Amino acid sequence: MAVTLTTPNTLLGTFQPKSDAAKLAMGLATVVLGTMLLTVAAKINVPVWPVHITLQSMVVAALAAAFGARIGVATVALYLVEGLSGLPVFSTGGGFGYVMSPSFGFIVGWLPMAYIIGRAADRGAAQRPLRLFAVMLVADAVSFALGFAWLLIVANLITQGGGTLPAWLSGGNLVAIAFDGAIKPFIIWDVLKMAFAALTVTGAWGLFGAKR
């Protein structure tokens with residue numbers, strides 16, 4: 001059975017070798033390299049309070065758009081496994097205890113984000129800047145929604161267990177405080193990151209994909 005890790009509509013698809021073994025090897029190498037890029041992006045951050053701004057969502061969007069849904073989701077999934085196993089790939093380290101971090105849901109949210117963007121790329125969105133940008137915004141919003149829900153659930157679990165919430169989540173209405181601290185400051189940043197990711201991928205398509 002033929003190995004189909006991406007489609008001819010993606011940048012990766014334009015460079016794929018013909019043999020199934022070579023395609024599989026290239027796909028695996030791409031996933032591993034993708035996790036390395038996510039790790040580097042996690043360490044490049046703007047130390048704003050209460051949650052650092054990193055380049056990771058931009059990298060997720062660009063990787064999914066360039067490589068398609070399967071490679072994009074696999075990259076995020078491997079990155080999660082690496083971090084939860086203890087490798088210091090997240091912005092502040094790693095380990096299974098990260099699951100109970102209020103911000104961990106935003107990392108999990110990159111799974112559906114990568115799928116949505118990658119699926120659109122598989123269907124040719126990488127060749128249309130405005131369409132790709134719009135898809136990225138929708139996917140990013142889904143990621144934010146999952147991350148916000150995770151944050152509220154974890155915060156309630158901590159409270160019910162008698163624990164102490166981080167200072168930035170204390171002192172008032174949890175939903176309003178969480179939105180002001182974990183969502184509102186990042187909206188404009190993520191719009192800019194999605195725009196840059198979309199322009200980068202569509203520009204690369206113009207250089208390489210359109211000439212195949």
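Reader: What makes W189 partly exposed?
Author: Its relative accessible area is 39%. Buried means under 20%, exposed over 50%, and partly exposed lies in between (1.4 Å probe, protein chains only), so W189 counts as partly exposed. A word on the source: this is a predicted model, where local features need pLDDT of at least 70, side-chain atom pairs count only at pLDDT 80 or more, and totals for chains, interfaces and linings use all residues. Residues are numbered from 1 along each chain as its sequence is written, and side-chain values use heavy atoms, without hydrogens and water.

Reader: Where does W189 sit?
Author: W189 belongs to helix α9; helices are DSSP runs of H or I with at least four residues, numbered from the N terminus.

Reader: Why is the contact of D190 and K193 called a salt bridge?
Author: The term asks for a side-chain nitrogen of Lys or Arg within 4 Å of a carboxyl oxygen of Asp or Glu. Here the N to O distance is 3.3 Å, so the pair qualifies. A search of the whole structure finds one salt bridge. Both D190 and K193 are buried.

Reader: What separates D190 and K193 along α9?
Author: About one helical turn, because they are three residues apart in this helix, which covers residues 187-207.

Technical notes:
Helix = DSSP H or I, 4+ residues; strand = E, 2+ residues; numbered from the N terminus.
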